[in-house]
Amino acid sequence: MNIELTHAEAVVLSDLLYRISEKEEYFEDIAEQYVLWKIEAQLDKALTEPFFENYKEVIEQNRDIVRKNY
């Protein structure tokens, strides 16, 4: 399966997954968390933005891009 995302969508998704990935209350089964971690790892390999010093600004810019495109 392939899922196509714009770069901005990938940045926004990466941020969301990071925020929820450690919260066990979101998962009914550990298998769900494993799948989430796999997606998160793939995004981590593809993106450099999470390591930028101005990440808060970058995520807001990418959220704006996604909002404007919908």
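The chain holds 3 helices and 0 strands. This is a predicted model. Read along the sequence, the pattern is α-α-α. Helix α1 packs its buried residues against both α2 and α3.

**Overall build**

- Along the principal axes, the C-alpha atoms fill a box of roughly 35 × 30 × 20 Å.
- The chain has 70 residues, and 29% of them are buried.
- Consider the contacts with a separation of 6 or more: 55% of them join residues 24 or more positions apart.

**Helix α1 (7-20)**

- Helix α1 has 14 residues, which should span 20 Å at 1.5 Å a residue; its end C-alpha atoms are 20 Å apart, so the two agree.
- Its buried residues are Ala8, Glu9, Ala10, Val11, Ser14, Asp15 and Leu17.
- What do the buried residues of α1 pack against? They pack against α2 and α3.

**Helix α2 (residues 30-46)**

- Gln33, Leu36, Glu40 and Leu43 are buried in α2. Seen down the helix axis, these buried residues fall within an arc of 85°, so they line one face of α2.
- The face turned away from that buried side carries exposed residues: Lys38, Lys45 and Ala46.
- The cover over the buried residues of α2 includes α1.

**Helix α3 (residues 55-68)**

- Helix α3 has 14 residues, and at 1.5 Å a residue they should span 20 Å. The end C-alpha atoms are 20 Å apart, in agreement.
- Which residues of α3 are buried? They are Tyr55, Val58, Ile59, Asn62 and Val66. They cover an arc of only 95° around the axis, which puts them on the same side of α3.
- Lys56, Arg67 and Lys68 are exposed on the other side of α3.
- The buried residues of α3 pack against α1.

**How α1 meets α2**

- Two packed helices are described by the angle between their axes and the distance between the axes.
- The axes of α1 and α2 come within 10 Å and cross at roughly 135°. That angle makes α1 oblique to α2.
- The crossing of α1 past α2 is left-handed.
- On the α1 side, the residues that meet α2 are Ala10, Leu13, Ser14, Leu17, Tyr18 and Ile20. On the α2 side, their partners are Leu36, Ile39, Glu40, Leu43 and Asp44.
- From α1, they include Ala10, Ser14 and Leu17. From α2, they include Leu36, Glu40 and Leu43.

**How α1 meets α3**

- How far apart are the axes of α1 and α3, and at what angle do they pack? The axes are 8 Å apart, and the angle is about 120°. This makes α1 oblique to α3.
- α1 and α3 also cross in a left-handed way.
- From α1, the residues involved are Ala8, Glu9, Val11, Val12, Asp15 and Arg19. They meet Tyr55, Ile59, Asn62, Arg63, Ile65 and Val66 of α3.
- Buried residues take part here too. Ala8, Glu9, Val11 and Asp15 are among those of α1. Tyr55, Ile59, Asn62 and Val66 are among those of α3.

- Where is Leu5 found? It sits in the segment before α1.
- Leu5 has 40% relative accessibility, so it counts as partly exposed. Partly exposed covers the range between buried, under 20%, and exposed, over 50%.
- Leaving aside neighbours within four places in sequence, Leu5 is in contact with Ala10 and Leu13. Both of these residues are in α1 and meet α2.
- Leu5 and Asp64 are 59 residues apart in sequence. In space, their C-alpha atoms are 15 Å apart.
- Ile65 is found in helix α3. At 40% relative accessibility, Ile65 counts as partly exposed.
- Ile65 and Ala8 are 57 residues apart in sequence. Their C-alpha atoms are 6.6 Å apart in space. Ala8 is one of the buried residues of α1, and Ile65 is one of the α3 residues that meet α1.

How values were computed: Residues are numbered from 1 along each chain as its sequence is written. This is a predicted model: local features need pLDDT of at least 70, side-chain atom pairs count only at pLDDT 80 or more; totals for chains, interfaces and linings use all residues. Side-chain values use heavy atoms; hydrogens and water are left out. Helices (H or I, at least four residues) and strands (E, at least two) are DSSP runs, numbered from the N terminus. The expected span of a helix is 1.5 Å times one less than its number of residues. Buried means under 20% relative accessible area, exposed over 50%, partly exposed in between (1.4 Å probe, protein chains only). The arc is that of the directions from the helix axis to the C-beta atoms. Contact means heavy atoms within 4.5 Å. Axes are lines fitted to C-alpha atoms, for helices over the stretch in contact, and angles run from 0 to 180 degrees between N-to-C directions. Angles under 35 degrees count as roughly parallel, over 145 as roughly antiparallel, 65 to 115 as roughly perpendicular and the rest as oblique. A crossing is left-handed if the near helix is turned anticlockwise from the far one by less than a right angle, and right-handed if clockwise.
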